[in-house]
Amino acid sequence: VVGTSTLDQIGDVIDSQKLSNVSIINIDNDPNNQGFGDIVLLSPQSSSVSEHVADIVLTLGFTFEQDSAQNLLSGVMSATSNFQDPRTSSLAFEVSAFLMKHGAQRPSNQKSTQSDPGIDAAAQRFRQANEQLAQPKQSAQPTPAPRPAQAQQQQEPVKQPQSVQQPMHSPLDENFDQAEQAEEQNEKPPLDWLTPKVYKGSSEV
């Protein structure tokens, strides 16, 4: 009896008179199992009955065919919600890896691969709206209205004549320049300053 916690669940199948000389092996992982039968193999720490059965088969040294390996792997995946159940035990992963080595394959989820055209169109519109919101908004600046010709002429800077822009020299400036030149000439020593000179006494008394 596999995966049955009480005999009442299979009362319609079992005839107590015919099973008087038959040994019952109880294989289950339910902690509430009543422990009936001649041989009781309970494993409450197992997350599925299939991994418990596979562990028993490995312990007894039997070999796995691809069909039996696939059936046990499907049972493990169904009981653990495709290994998403937090109660999934480490034995479930170990047994599943062993079963896959013997030809078992995980079924592909066709629902997740097939796309819904309506959902795809809505998702595309949502992405386009997000892209538009992500783009920086350009501040709308009003274009300046054309100015009248008279207003433009008034705002242009008035050009000054060249005679005003150039500096004017006054007579005082010319006198100052001449004085500077004269001082420069006075500061220069005469050309024969360094030549030796012979002084003679004057004969005039």
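Tutor: Contact here means heavy atoms within 4.5 Å of each other. This is a predicted model, in which local features need pLDDT of at least 70 and side-chain atom pairs count only at pLDDT 80 or more, while totals for chains, interfaces and linings use all residues. Residues are numbered from 1 along each chain as its sequence is written, and side-chain values use heavy atoms, with hydrogens and water left out.

Student: Which residues of α3 are buried?

Tutor: Buried means under 20% relative accessible area, exposed over 50%, and partly exposed in between (1.4 Å probe, protein chains only). Helices are DSSP runs of H or I with at least four residues, numbered from the N terminus. On the other side of α3, S90, E94 and K101 are exposed. The buried residues of α3 are A92, V95, S96 and L99.

Student: Why do the buried residues of α3 line one face of the helix?

Tutor: The arc is taken from the directions of the C-beta atoms as seen from the helix axis. The buried residues line one face because, viewed down the axis of α3, they fall within an arc of 105 degrees.

Student: What covers the buried residues of α3?

Tutor: The buried residues in question are A92, V95, S96 and L99. Their cover includes α1 and α2.

Student: At roughly what angle do the axes of α1 and α2 cross?

Tutor: Axes are lines fitted to C-alpha atoms, for helices over the stretch in contact, and angles run from 0 to 180 degrees between N-to-C directions. S50, E51, V53 and A54 in α1 meet L72, G75 and V76 in α2. The axes of α1 (residues 49-60) and α2 (residues 66-79) come within 7 Å and cross at roughly 140 degrees.

Conventions:
Helices (H or I, at least four residues) and strands (E, at least two) are DSSP runs, numbered from the N terminus.
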